[in-house]
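Here's a quick briefing to read with the model open. Grab your viewer and follow along, topic by topic.

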Amino acid sequence: MGFDTKTLWMTLAISNLVFGALMLVHVGRAADRAALRIWAAAQLLKGLAIGLIIAKTLIPHPWGFAGNLLYITGHFVELAAFLSYAGLGRRMRGAALVFAGLVAAYLGGVAAGAKAAHMAVLFSSSLFVLYALSALALSASGRRRSWVQVMLVASNIVIALTALVRVGLAWSSQSWDPQSTALANQAMFVLGYVFSLCDGFCFLLLVKEDSDRSLLRMATIDLLTGIANRAHFLDLAEDRRRLCLRSGQPIAVMMMDVDHFKQVNDVFGHAAGDDVLRRVGGVLREHLRDVDVCGRLGGEEFAVVLPGTSLAAALPVAERLRAALAEMVVATPKGDARITVSMGLADLGGDRRLEQAMSEADLRLYRAKAEGRNRVVAACETGSDRAGASLRAAL
(Lines give C-alpha, C1' and ligand atoms only; values in the text may rest on other atoms or scores of the structure.)
Protein backbone atom coordinates (compact mmCIF):
# COMPACT_ATOMS: atom_id res chain seq x y z
CA MET A 1 0.00 0.00 0.00
CA GLY A 2 1.50 3.31 -1.06
CA PHE A 3 1.27 6.78 0.40
CA ASP A 4 1.36 10.29 -0.90
CA THR A 5 5.03 11.33 -1.14
CA LYS A 6 3.96 14.91 -1.88
CA THR A 7 2.45 15.11 1.59
CA LEU A 8 5.79 14.11 3.11
CA TRP A 9 7.61 16.68 1.02
CA MET A 10 5.11 19.38 1.96
CA THR A 11 5.47 18.54 5.66
CA LEU A 12 9.25 18.67 5.34
CA ALA A 13 9.02 22.01 3.51
CA ILE A 14 6.87 23.51 6.27
CA SER A 15 9.24 22.12 8.94
CA ASN A 16 12.26 23.67 7.24
CA LEU A 17 10.56 27.01 6.79
CA VAL A 18 9.38 27.13 10.41
CA PHE A 19 12.77 25.94 11.71
CA GLY A 20 14.62 28.51 9.65
CA ALA A 21 12.36 31.45 10.42
CA LEU A 22 12.27 30.79 14.17
CA MET A 23 16.03 30.37 14.41
CA LEU A 24 16.75 33.53 12.40
CA VAL A 25 14.54 35.49 14.79
CA HIS A 26 16.14 33.77 17.79
CA VAL A 27 19.81 34.31 16.89
CA GLY A 28 19.36 37.86 15.57
CA ARG A 29 22.69 39.46 14.71
CA ALA A 30 24.75 37.88 17.49
CA ALA A 31 28.30 37.53 16.19
CA ASP A 32 28.93 34.31 18.13
CA ARG A 33 25.99 32.56 16.43
CA ALA A 34 27.08 32.89 12.82
CA ALA A 35 26.96 29.12 12.21
CA LEU A 36 23.39 28.90 13.52
CA ARG A 37 22.36 31.87 11.38
CA ILE A 38 23.82 30.23 8.25
CA TRP A 39 22.10 26.96 9.16
CA ALA A 40 18.75 28.74 9.57
CA ALA A 41 19.16 30.37 6.15
CA ALA A 42 19.82 26.90 4.71
CA GLN A 43 16.54 25.60 6.13
CA LEU A 44 14.64 28.47 4.51
CA LEU A 45 16.28 27.74 1.17
CA LYS A 46 15.46 24.04 1.41
CA GLY A 47 11.87 24.77 2.42
CA LEU A 48 11.36 27.09 -0.56
CA ALA A 49 13.08 24.58 -2.83
CA ILE A 50 10.78 21.73 -1.79
CA GLY A 51 7.79 23.95 -2.51
CA LEU A 52 9.11 24.57 -6.03
CA ILE A 53 9.79 20.85 -6.52
CA ILE A 54 6.21 20.01 -5.52
CA ALA A 55 4.91 22.60 -8.02
CA LYS A 56 7.34 21.44 -10.71
CA THR A 57 4.64 20.30 -13.11
CA LEU A 58 3.12 23.79 -13.06
CA ILE A 59 6.39 25.49 -14.02
CA PRO A 60 7.38 25.64 -17.71
CA HIS A 61 10.52 23.81 -18.84
CA PRO A 62 13.40 24.30 -18.09
CA TRP A 63 12.50 26.44 -15.08
CA GLY A 64 10.95 23.45 -13.38
CA PHE A 65 14.46 22.39 -12.35
CA ALA A 66 14.94 25.61 -10.35
CA GLY A 67 13.61 23.88 -7.24
CA ASN A 68 16.18 21.09 -7.51
CA LEU A 69 19.00 23.60 -7.93
CA LEU A 70 17.75 25.64 -4.99
CA TYR A 71 17.57 22.44 -2.89
CA ILE A 72 21.20 21.62 -3.74
CA THR A 73 22.12 25.22 -2.85
CA GLY A 74 20.34 24.90 0.48
CA HIS A 75 22.38 21.81 1.32
CA PHE A 76 25.58 23.59 0.37
CA VAL A 77 24.67 26.47 2.70
CA GLU A 78 24.00 23.89 5.43
CA LEU A 79 27.43 22.38 4.77
CA ALA A 80 28.89 25.88 5.13
CA ALA A 81 27.14 26.18 8.51
CA PHE A 82 28.62 22.86 9.65
CA LEU A 83 32.11 23.90 8.49
CA SER A 84 31.75 27.18 10.37
CA TYR A 85 30.54 25.39 13.50
CA ALA A 86 33.38 22.86 13.32
CA GLY A 87 36.00 25.62 12.96
CA LEU A 88 36.86 24.48 9.43
CA GLY A 89 36.22 27.77 7.64
CA ARG A 90 39.47 27.31 5.72
CA ARG A 91 37.79 24.40 3.91
CA MET A 92 35.03 26.64 2.58
CA ARG A 93 36.79 27.38 -0.69
CA GLY A 94 37.16 23.68 -1.48
CA ALA A 95 33.51 23.07 -0.60
CA ALA A 96 32.49 25.96 -2.87
CA LEU A 97 34.44 24.43 -5.77
CA VAL A 98 32.70 21.09 -5.23
CA PHE A 99 29.33 22.85 -5.14
CA ALA A 100 30.13 24.73 -8.34
CA GLY A 101 31.01 21.45 -10.03
CA LEU A 102 27.75 19.83 -8.92
CA VAL A 103 25.68 22.79 -10.16
CA ALA A 104 27.55 22.84 -13.47
CA ALA A 105 26.89 19.13 -13.96
CA TYR A 106 23.20 19.53 -13.19
CA LEU A 107 22.81 22.55 -15.49
CA GLY A 108 24.63 20.57 -18.18
CA GLY A 109 22.04 17.84 -17.85
CA VAL A 110 19.21 20.38 -18.14
CA ALA A 111 20.80 21.98 -21.21
CA ALA A 112 21.33 18.60 -22.85
CA GLY A 113 17.70 17.61 -22.29
CA ALA A 114 18.68 14.58 -20.21
CA LYS A 115 16.03 12.00 -19.33
CA ALA A 116 14.28 12.12 -15.97
CA ALA A 117 16.31 9.12 -14.76
CA HIS A 118 19.60 10.83 -15.62
CA MET A 119 18.49 14.06 -13.95
CA ALA A 120 17.56 12.05 -10.84
CA VAL A 121 21.08 10.56 -10.90
CA LEU A 122 22.64 14.02 -11.05
CA PHE A 123 20.36 15.38 -8.31
CA SER A 124 20.78 12.45 -5.91
CA SER A 125 24.53 12.32 -6.56
CA SER A 126 24.77 15.96 -5.53
CA LEU A 127 22.90 15.25 -2.31
CA PHE A 128 25.13 12.25 -1.61
CA VAL A 129 28.28 14.37 -1.97
CA LEU A 130 26.98 17.25 0.16
CA TYR A 131 25.63 15.03 2.95
CA ALA A 132 28.84 13.00 3.00
CA LEU A 133 30.89 16.19 3.29
CA SER A 134 28.58 17.39 6.09
CA ALA A 135 29.18 14.17 8.00
CA LEU A 136 32.95 14.58 7.56
CA ALA A 137 32.83 18.22 8.71
CA LEU A 138 30.84 17.39 11.83
CA SER A 139 33.01 14.41 12.75
CA ALA A 140 36.16 16.53 12.32
CA SER A 141 34.91 19.15 14.77
CA GLY A 142 37.33 19.78 17.63
CA ARG A 143 34.48 20.00 20.16
CA ARG A 144 34.14 17.41 22.91
CA ARG A 145 32.25 14.38 21.59
CA SER A 146 28.67 13.78 22.67
CA TRP A 147 25.87 11.40 21.70
CA VAL A 148 24.08 14.29 19.96
CA GLN A 149 27.07 14.86 17.70
CA VAL A 150 27.24 11.12 16.95
CA MET A 151 23.55 11.09 16.03
CA LEU A 152 23.99 14.14 13.80
CA VAL A 153 26.89 12.54 11.95
CA ALA A 154 24.95 9.27 11.66
CA SER A 155 21.84 11.00 10.26
CA ASN A 156 23.91 12.71 7.57
CA ILE A 157 25.52 9.38 6.69
CA VAL A 158 22.13 7.66 6.45
CA ILE A 159 20.73 10.39 4.18
CA ALA A 160 23.88 10.26 2.04
CA LEU A 161 23.54 6.48 1.66
CA THR A 162 19.83 6.85 0.87
CA ALA A 163 20.70 9.32 -1.88
CA LEU A 164 23.33 6.90 -3.19
CA VAL A 165 20.79 4.06 -3.34
CA ARG A 166 18.44 6.37 -5.22
CA VAL A 167 21.25 7.02 -7.71
CA GLY A 168 21.50 3.28 -8.32
CA LEU A 169 17.76 2.82 -8.73
CA ALA A 170 17.41 5.77 -11.12
CA TRP A 171 20.43 4.65 -13.15
CA SER A 172 19.13 1.09 -13.56
CA SER A 173 15.49 2.06 -14.15
CA GLN A 174 14.05 1.78 -17.63
CA SER A 175 11.37 4.41 -16.97
CA TRP A 176 12.16 6.42 -13.86
CA ASP A 177 9.30 8.16 -12.10
CA PRO A 178 10.33 10.23 -9.05
CA GLN A 179 6.78 9.87 -7.69
CA SER A 180 6.78 6.10 -8.13
CA THR A 181 4.87 4.08 -5.55
CA ALA A 182 7.54 1.36 -5.66
CA LEU A 183 8.42 0.21 -2.16
CA ALA A 184 12.12 1.08 -2.53
CA ASN A 185 11.36 4.61 -3.71
CA GLN A 186 8.84 5.28 -0.94
CA ALA A 187 11.15 3.78 1.68
CA MET A 188 13.83 6.24 0.61
CA PHE A 189 11.39 9.13 0.92
CA VAL A 190 10.52 8.04 4.45
CA LEU A 191 14.20 7.66 5.44
CA GLY A 192 15.05 11.03 3.95
CA TYR A 193 12.10 12.65 5.72
CA VAL A 194 12.80 11.14 9.15
CA PHE A 195 16.53 11.73 9.15
CA SER A 196 16.20 15.25 7.75
CA LEU A 197 14.07 16.12 10.78
CA CYS A 198 16.58 14.31 13.01
CA ASP A 199 19.37 16.32 11.37
CA GLY A 200 17.68 19.61 12.27
CA PHE A 201 16.83 18.72 15.85
CA CYS A 202 20.31 17.29 16.51
CA PHE A 203 22.08 20.40 15.27
CA LEU A 204 19.94 22.61 17.50
CA LEU A 205 20.68 20.31 20.46
CA LEU A 206 24.36 20.39 19.61
CA VAL A 207 24.40 24.19 19.67
CA LYS A 208 22.45 24.15 22.94
CA GLU A 209 25.02 21.75 24.43
CA ASP A 210 27.78 24.21 23.58
CA SER A 211 25.77 27.08 25.03
CA ASP A 212 25.17 25.15 28.28
CA ARG A 213 28.85 24.25 28.47
CA SER A 214 29.80 27.88 27.90
CA LEU A 215 27.47 29.02 30.70
CA LEU A 216 28.94 26.40 33.04
CA ARG A 217 32.45 27.55 32.16
CA MET A 218 31.54 31.17 32.82
CA ALA A 219 30.11 30.15 36.21
CA THR A 220 33.14 28.12 37.31
CA ILE A 221 36.22 29.33 35.41
CA ASP A 222 38.05 32.64 35.70
CA LEU A 223 37.94 33.75 32.07
CA LEU A 224 41.18 35.74 32.26
CA THR A 225 43.45 33.02 33.68
CA GLY A 226 41.61 29.86 32.65
CA ILE A 227 41.68 28.39 36.16
CA ALA A 228 38.89 28.03 38.72
CA ASN A 229 37.21 31.19 39.97
CA ARG A 230 36.83 31.83 43.70
CA ALA A 231 33.50 30.04 44.20
CA HIS A 232 34.48 27.00 42.15
CA PHE A 233 37.89 26.81 43.82
CA LEU A 234 36.30 26.76 47.27
CA ASP A 235 33.93 23.97 46.21
CA LEU A 236 36.72 21.86 44.71
CA ALA A 237 39.05 22.53 47.65
CA GLU A 238 36.39 21.41 50.12
CA ASP A 239 35.80 18.24 48.11
CA ARG A 240 39.55 17.45 48.20
CA ARG A 241 39.69 18.18 51.93
CA ARG A 242 36.86 15.78 52.70
CA LEU A 243 38.37 13.08 50.50
CA CYS A 244 41.73 13.36 52.27
CA LEU A 245 40.00 13.36 55.65
CA ARG A 246 38.23 10.08 54.81
CA SER A 247 41.37 8.45 53.42
CA GLY A 248 43.69 9.78 56.12
CA GLN A 249 45.96 11.50 53.58
CA PRO A 250 47.73 14.82 54.24
CA ILE A 251 46.69 17.94 52.37
CA ALA A 252 48.15 21.44 52.20
CA VAL A 253 46.89 24.83 51.08
CA MET A 254 48.91 27.61 49.47
CA MET A 255 48.03 31.30 49.21
CA MET A 256 49.90 33.34 46.59
CA ASP A 257 49.99 37.03 45.70
CA VAL A 258 51.80 38.82 42.86
CA ASP A 259 54.28 41.33 44.31
CA HIS A 260 53.88 45.03 43.41
CA PHE A 261 51.13 44.22 40.91
CA LYS A 262 49.84 47.79 40.98
CA GLN A 263 53.21 48.98 39.70
CA VAL A 264 52.92 46.58 36.76
CA ASN A 265 49.60 48.18 35.82
CA ASP A 266 50.93 51.71 36.37
CA VAL A 267 54.17 51.23 34.42
CA PHE A 268 53.19 48.82 31.65
CA GLY A 269 49.42 49.31 31.44
CA HIS A 270 46.40 47.24 32.42
CA ALA A 271 46.66 45.08 29.30
CA ALA A 272 50.11 44.01 30.44
CA GLY A 273 48.72 43.38 33.92
CA ASP A 274 46.06 41.11 32.44
CA ASP A 275 48.74 39.30 30.46
CA VAL A 276 50.75 38.78 33.65
CA LEU A 277 47.75 37.23 35.41
CA ARG A 278 47.05 35.09 32.37
CA ARG A 279 50.63 33.83 32.38
CA VAL A 280 50.47 33.12 36.12
CA GLY A 281 47.45 30.91 35.49
CA GLY A 282 49.38 29.13 32.75
CA VAL A 283 52.35 28.45 35.04
CA LEU A 284 50.04 27.03 37.70
CA ARG A 285 48.37 24.68 35.22
CA GLU A 286 51.75 23.62 33.84
CA HIS A 287 53.47 22.86 37.15
CA LEU A 288 50.63 21.33 39.17
CA ARG A 289 49.18 17.83 39.03
CA ASP A 290 45.71 17.03 37.71
CA VAL A 291 44.57 16.24 41.25
CA ASP A 292 45.71 19.62 42.56
CA VAL A 293 43.26 22.52 42.64
CA CYS A 294 44.25 26.07 41.78
CA GLY A 295 42.08 29.15 41.54
CA ARG A 296 42.12 32.92 41.28
CA LEU A 297 40.51 34.39 44.37
CA GLY A 298 40.40 37.91 42.97
CA GLY A 299 42.75 40.58 41.69
CA GLU A 300 46.31 39.25 41.84
CA GLU A 301 45.60 36.68 44.59
CA PHE A 302 45.68 32.95 43.89
CA ALA A 303 45.27 29.81 45.96
CA VAL A 304 46.29 26.17 45.54
CA VAL A 305 45.25 23.01 47.36
CA LEU A 306 47.62 20.02 47.21
CA PRO A 307 45.88 16.73 48.14
CA GLY A 308 48.07 13.92 49.44
CA THR A 309 50.81 16.44 50.23
CA SER A 310 52.17 17.27 53.66
CA LEU A 311 53.35 20.73 54.61
CA ALA A 312 56.97 19.60 54.23
CA ALA A 313 56.27 18.17 50.75
CA ALA A 314 54.29 21.26 49.71
CA LEU A 315 57.20 23.59 50.35
CA PRO A 316 59.37 22.39 47.41
CA VAL A 317 56.30 22.62 45.17
CA ALA A 318 55.78 26.22 46.22
CA GLU A 319 59.46 27.00 45.67
CA ARG A 320 59.32 25.59 42.14
CA LEU A 321 56.30 27.74 41.38
CA ARG A 322 57.98 30.82 42.86
CA ALA A 323 61.15 30.23 40.82
CA ALA A 324 59.21 29.59 37.59
CA LEU A 325 57.23 32.80 38.01
CA ALA A 326 60.37 34.80 38.85
CA GLU A 327 61.89 33.65 35.54
CA MET A 328 58.78 34.61 33.55
CA VAL A 329 59.14 37.53 31.15
CA VAL A 330 56.09 39.30 29.71
CA ALA A 331 56.89 41.38 26.62
CA THR A 332 54.99 44.68 26.41
CA PRO A 333 55.23 47.77 24.16
CA LYS A 334 56.94 49.53 27.07
CA GLY A 335 59.51 46.82 27.68
CA ASP A 336 59.73 43.46 29.39
CA ALA A 337 57.73 43.04 32.58
CA ARG A 338 59.00 40.71 35.28
CA ILE A 339 57.21 39.69 38.43
CA THR A 340 57.76 37.84 41.68
CA VAL A 341 55.25 36.26 44.04
CA SER A 342 54.95 35.81 47.78
CA MET A 343 53.44 32.62 49.20
CA GLY A 344 52.11 31.31 52.47
CA LEU A 345 51.50 27.63 53.23
CA ALA A 346 49.31 25.90 55.81
CA ASP A 347 48.32 22.36 56.74
CA LEU A 348 44.74 21.45 55.79
CA GLY A 349 44.82 17.92 57.19
CA GLY A 350 42.89 16.40 60.07
CA ASP A 351 39.69 18.13 61.12
CA ARG A 352 40.88 21.61 60.17
CA ARG A 353 38.35 23.71 58.27
CA LEU A 354 39.23 25.14 54.86
CA GLU A 355 38.57 28.72 55.98
CA GLN A 356 40.86 28.26 58.98
CA ALA A 357 43.74 26.88 56.92
CA MET A 358 43.38 29.54 54.21
CA SER A 359 43.37 32.28 56.86
CA GLU A 360 46.54 30.83 58.36
CA ALA A 361 48.21 30.59 54.96
CA ASP A 362 47.15 34.16 54.27
CA LEU A 363 48.86 35.36 57.46
CA ARG A 364 52.06 33.64 56.33
CA LEU A 365 51.67 35.26 52.92
CA TYR A 366 51.68 38.67 54.61
CA ARG A 367 54.72 37.64 56.60
CA ALA A 368 56.46 36.79 53.32
CA LYS A 369 55.57 40.27 52.06
CA ALA A 370 56.93 41.85 55.24
CA GLU A 371 60.19 39.91 54.97
CA GLY A 372 60.94 41.28 51.51
CA ARG A 373 58.60 39.44 49.09
CA ASN A 374 59.57 36.81 46.50
CA ARG A 375 59.61 34.07 49.09
CA VAL A 376 57.64 31.22 50.65
CA VAL A 377 56.70 31.07 54.32
CA ALA A 378 55.51 27.72 55.63
CA ALA A 379 55.34 28.38 59.40
CA CYS A 380 54.68 31.15 61.90
CA GLU A 381 57.36 32.40 64.24
CA THR A 382 55.22 31.87 67.31
CA GLY A 383 53.28 29.02 68.88
CA SER A 384 53.52 25.37 67.92
CA ASP A 385 54.28 26.34 64.31
CA ARG A 386 57.75 27.53 65.20
CA ALA A 387 59.31 24.14 64.50
CA GLY A 388 58.15 24.35 60.92
CA ALA A 389 60.27 27.39 60.23
CA SER A 390 63.27 25.18 59.75
CA LEU A 391 61.65 23.70 56.67
CA ARG A 392 62.32 26.73 54.53
CA ALA A 393 65.67 27.41 56.09
CA ALA A 394 66.81 23.98 55.02
CA LEU A 395 66.31 24.75 51.32
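In this predicted model, ring pairs tie Phe 19, Trp 39, Phe 82, Tyr 85, Phe 201 and Phe 203 into a cluster. The structure holds nine aromatic pairs. Let's start with one of them, then move on to the cores, a helix and the sheet.

**The Phe 19–Trp 39 pair**
- The ring centres of Phe 19 and Trp 39 sit 6.1 Å apart with their planes at 50 degrees, so this pair counts as tilted.
- The pair bridges distant parts of the chain, with Phe 19 in helix α1 (residues 5-27) and Trp 39 in helix α2 (residues 34-54), 20 residues apart.
- Phe 19 is buried, at a relative accessible area of 14%, and Trp 39 is buried too, at 0%.

**The nonpolar cores**
- The largest nonpolar core has 54 residues, and the ones touching the most other members are Met 23, Leu 36, Trp 39, Ile 50, Tyr 71, Tyr 106 and Phe 203.
- Leaving aside residues up to four places away in sequence, Ile 50 touches Trp 9, Leu 12, Ala 13, Asn 16 and Tyr 71.
- There's also a second, separate core of 36 residues, including Phe 261, Leu 288, Val 304 and Val 376.
- As a general point, nonpolar side chains in soluble globular proteins tend to be buried together.

**Helix α3**
- Helix α3 (residues 66-85) has 20 residues and reaches 29 Å from first C-alpha to last, close to the 28 Å expected.
- Of those 20 residues, 16 are buried, so α3 is largely enclosed by the rest of the structure.
- Just after α3, Gly 87 takes a positive phi of about 75 degrees.

**The sheet and its helices**
- Five strands make an open sheet in the order β2-β3-β1-β6-β7, with mixed pairing.
- At the edges are β2 (293-298) and β7 (376-377), each pairing on one side only.
- Strands β1 (residues 251-258) and β6 (residues 341-347) run antiparallel and are joined by seven bridges; Val 253 has Ala 346 as its bridge partner in β6.
- Helix α8 (residues 230-247) packs on the sheet, touching β1, β2 and β3 (301-307), and its direction makes about 140 degrees with that of β2.
- Helix α10 (residues 270-287) also packs on the sheet and touches β1, β2 and β3, with its direction at about 5 degrees to that of β3.

Key:
Residues are numbered from 1 along each chain as its sequence is written. This is a predicted model: local features need pLDDT of at least 70, side-chain atom pairs count only at pLDDT 80 or more; totals for chains, interfaces and linings use all residues. Side-chain values use heavy atoms; hydrogens and water are left out. Rings of Phe, Tyr and Trp (its six-membered ring) pair if their centres lie within 6.5 Å; planes under 30 degrees apart count as stacked, over 60 as edge-to-face and the rest as tilted. Helices (H or I, at least four residues) and strands (E, at least two) are DSSP runs, numbered from the N terminus. Buried means under 20% relative accessible area, exposed over 50%, partly exposed in between (1.4 Å probe, protein chains only). Two strands pair if DSSP finds at least two bridges between them. Contact means heavy atoms within 4.5 Å. Axes are lines fitted to C-alpha atoms, for helices over the stretch in contact, and angles run from 0 to 180 degrees between N-to-C directions. The expected span of a helix is 1.5 Å times one less than its number of residues. A nonpolar core is a set of buried Ala, Val, Leu, Ile, Met, Phe, Trp, Tyr and Cys residues joined through side-chain atoms within 4.5 Å.
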